[in-house]
Amino acid sequence: MYRISELGSLVGLSRTTLLYYEKLNLISGKRLENGYRVYSERDLQRVRLIQQLQSGGLTLAECKSCLESKLDRSVLKCRYDELEKDIRRKQKSLALLSSLLGENSSRSWHQTLTEVAPDAHIDWLKVQGFDEKQALRIKWLSKDMNEHDKYMQDFMSVFETLESWGPNSEADTTRAFQLLGTKPERILEIGCGKGNSTIVLAKLSNAEIMATDNEQNALDKLEEKIEQNNLSKRVSTKCVSMTDLNFGTQKFDIIWAEASAYIMGIENALKKWKSLLSDEGTLVFSDLVWLTDSPSQDAIDHWGRDYPDIQTVDTRKSQIEKAGYKLQHTFTVSEQAWKSYYEPLEQRLKQVSPKMTGSQAVIDIQNEVDLFKSHLGEFGYQFFIVKKLNVPKATG
């Protein structure tokens, strides 16, 4: 026989719990003449059996039912399904904590945040100690804050010898400029990279051009081109984030942004950059869009990871109108622009891949090259030439 304190010690339960078990008729204590309550070996084993049933997620009431009658399979199945869901939730929690600790990749988590909470994602990364440039690159490139430095080192190693960092061509830039139908005096180029388009714009106009990018190494290359073409009197550069363009208001006739506005989001760019334009100024930008209503699953999966905000041309048109612009012209970037970018890139990958085995950056870049070769036409870059609409001033 066991006194209640002895039984509690053997099964790891408190006196209050055992008395509750007794109230439910799960165990049966007897009071001795000296006033002590005692329990039998059968009570001990019943408690241990109940504990085993509870480990399967059963409630005390369900345990009592199991002890008094045949198993109710529907109850067991319900508990099984609940436990399975709970395990999946906990596995996700464990995976997230593991990735945040740097023990596993955090890519899927960052990708999810880019889709569901893009602005909060950037703000959170800044709180973690990343500056805006790093935060944006985590969002669009490395997608893993714990592996970011290594990823960017490999990424820049691939692109350091390449002239283009995205699909572009002199012919497409020239076509877009000629569609302006005006002679701009001041142009702001956002995300100029190494300045391929900058030099074309300078040759096509007599405008003063401010070329901006957040990568100083790229601007250094552009500075060399400016000197080589004797353009230093009209073309200047500034290393600055596209989200922090403190140039005042209504300063530029043209804002030019080839394949760069996506970094801060097209709708954000349309809104934030508008004040920089003069009355009836023009914004020229290119963006990756769907060119078909039924893209392949491979393309959907790839851009779902790399550019979840990819839209159709019609959707971008609606966003342009909603933001207070009038679409003047739009056209799809030529296939030659893609070849001029991807063919040198593919050759570069062949050079560096043997030395960078297992590099996530190289894997990602190669996947994009492969997608271009197999699915271009389902997607492409689209130029949009849009004029700022002025809000009529209120009259007294």
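T173 is buried, with a relative accessible area of 1%; buried means under 20% relative accessible area, exposed over 50%, and partly exposed in between, using a 1.4 Å probe and protein chains only. This is a predicted model, in which local features need pLDDT of at least 70 and side-chain atom pairs count only at pLDDT 80 or more, while totals for chains, interfaces and linings use all residues. Residues are numbered from 1 along each chain as its sequence is written, and side-chain values use heavy atoms, leaving out hydrogens and water.

T173 sits in helix α10, residues 170-178. Its side chain has a polar contact of 3.4 Å with that of S197. Beyond neighbours within four places in sequence, T173 is in contact (heavy atoms within 4.5 Å) with residues including V200, L201 and W256.

W256 in turn has its own set of contacts, among them A176, F177, L188 and F383. W256 is also one of the residues that touch the most other members of the largest nonpolar core, which has 78 residues. Such a core is a set of buried Ala, Val, Leu, Ile, Met, Phe, Trp, Tyr and Cys residues joined through side-chain atoms within 4.5 Å. A second, separate core of 15 residues includes I4, V11, L26 and L44.

Now for the cysteines. How many disulfides are there? The count is zero, with a disulfide taken as a pair of cysteine sulfur atoms within 2.5 Å.

Technical notes:
Helix = DSSP H or I, 4+ residues; strand = E, 2+ residues; numbered from the N terminus. Polar contact = N/O pair within 3.5 Å; in protein donor to acceptor, adjacent residues only side chain to side chain.
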